[in-house]
Amino acid sequence: IASLSAAAISWSMAKKIELTTEVVEDTDDHEVDPQAETTPGPQKTTAKELEDLYDKGQNRLISQKNEFLLPQIIDLVKHQKMINLRPEYQRRLRWDDKKKSLLIESLLMNVPIPPIFLFEHDYARYEVMDGQQRLNAIIEFFENSLKLRGLEIWKGLNGLDHKNCPPKIIKGLERRSLSAVIVLTESDTSKTPKLNFDVRRSVFERLNTGGQTLNPQELRNCIFSGPMNRLLLDLSRQQLFTQVLGIPGYEENERADGFVSVARSKNHLYRTMGDCQLILRFFALRKREGIKGSILQILDNFMESHENADSKTLDAYRNDFMTRLTFAHEIFGDKTFRLPGSADKPGKVSRPLFDAVMVALDDLWGQANKLKSARAKISKSLEQALQSKTSYAILIGRPNTAQAIKDRIDKVKELISASL
């Protein structure tokens, strides 16, 4: 299982993740068990050097405990905007409605709830290091975005949202509180923002070691939180991208405080960061010579080598991705990256098809004008290929090995070239 603890990966990511098999993350993004390479340790630090580091207070933390009533928490997040629910190293929301509802029931019963952890990155400005799922569940309920279900003790509340609960129940909840541990660094990190970020990311990793396992893309989001990762997140919010993949749009479903709508948080691609992984796959699979080993290795290697790419490189990548995506949509319309569907229901988005179409168009970009003239033929050709058992096996059905990825890209290129 690809967790921070099982993989024994430090937040500095000194060595890349490797697999012992060529079989890769499949199209459903099942978790794989990466194993970190072992490397010779650094030269031994003397006792005096260790004591000097301790005296400087570097990487040492100060913590304090506070209690917040539930209405106070909502006010801090929504109105005063003092708490950032979603710093960039955080995973996306994963709890289902039953888990959220059971938290509300626990609060109503006054069951002790583990504290949330907040990092004070600026004076009276905090980001959530642990407790994002709990805070989001509370906000959803108080905003009438959550109907309670699966309650085991207060079964009579099942099916009710905040506005329909009895007044005394709501007043009882408003008296409940959450404990918060506020963490800040002892040393002055304002002059060293990278150290500040690395400390936050390291604490996040340690707090989440025993929690729900991170999938490979969530792990990359935590470890490689540089400019390249921010580009992936930004591209995943683009309107055309969310539209093509059937993800509820960013602007209508996310607020500046990090709160995400129920519809967006329930989308599988969004919830698992599969949207970001698709974009990463395009960048990592563009160079044929780089398609070797497992897809996990390929993606990790790309992120490690491009984590701090310069702005010129990132601008070029942004332009390349959006122009190829736009062109794919112009050719295939509402069938872009989708398997054959029915008359009243579109087919499912296919990750292998996304890889093949995007990389094939990128490889043939020099013939863009010819491709535009043959749009109808290209679309029809791919549609017919997906109806053929032989072609379908190449495009969709084979294991996600490096050779299978190359074969499906070549197949789409062949179909497109034959349509010119």
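This is a predicted model: local features need pLDDT of at least 70, side-chain atom pairs count only at pLDDT 80 or more; totals for chains, interfaces and linings use all residues.
The crossing of H16 and H20 is right-handed. On the H16 side, the contact includes Pro352, Val357 and Leu361, and on the H20 side Arg408, Ile409, Val412, Lys413 and Ile416. The residues of this contact comprise nine nonpolar and four charged ones, with no polar residue.

Attention can now turn to charged side chains. Side chains of opposite charge can pair when their charged atoms come close. Across the whole structure, 16 salt bridges are found. One of them joins Lys266 to Asp97, with 2.9 Å between the closest N and O atoms. Lys266 belongs to helix H11 (residues 262-266) and Asp97 to helix H3 (residues 97-108), so this pair ties together parts 169 residues apart in sequence. Lys266 is partly exposed, at 46% relative accessible area, whereas Asp97 is buried at 13%. Both residues also take part in a salt-bridge network with Lys100 and Glu140.

Another salt bridge brings together Asp161 and Lys163, at 2.8 Å from N to O. Here Asp161 is buried, with 3% relative accessibility, while Lys163 is exposed at 57%.

Lys335 and Glu383 form a further salt bridge, at 3.4 Å from N to O. Lys335 sits in the loop between helix H15 (311-332) and H16, and Glu383 in helix H18 (residues 375-387), 48 residues apart. Lys335 is partly exposed at 45% relative accessibility, and Glu383 is partly exposed at 32%.

Technical notes
Residues are numbered from 1 along each chain as its sequence is written. Side-chain values use heavy atoms; hydrogens and water are left out. A crossing is left-handed if the near helix is turned anticlockwise from the far one by less than a right angle, and right-handed if clockwise. Helices (H or I, at least four residues) and strands (E, at least two) are DSSP runs, numbered from the N terminus. Contact means heavy atoms within 4.5 Å. Ala, Val, Leu, Ile, Met, Phe, Trp, Tyr, Cys and Pro count as nonpolar, Asp, Glu, Lys and Arg as charged, and the others, Gly among them, as polar. A salt bridge is a side-chain nitrogen of Lys or Arg within 4 Å of a carboxyl oxygen of Asp or Glu. Buried means under 20% relative accessible area, exposed over 50%, partly exposed in between (1.4 Å probe, protein chains only).
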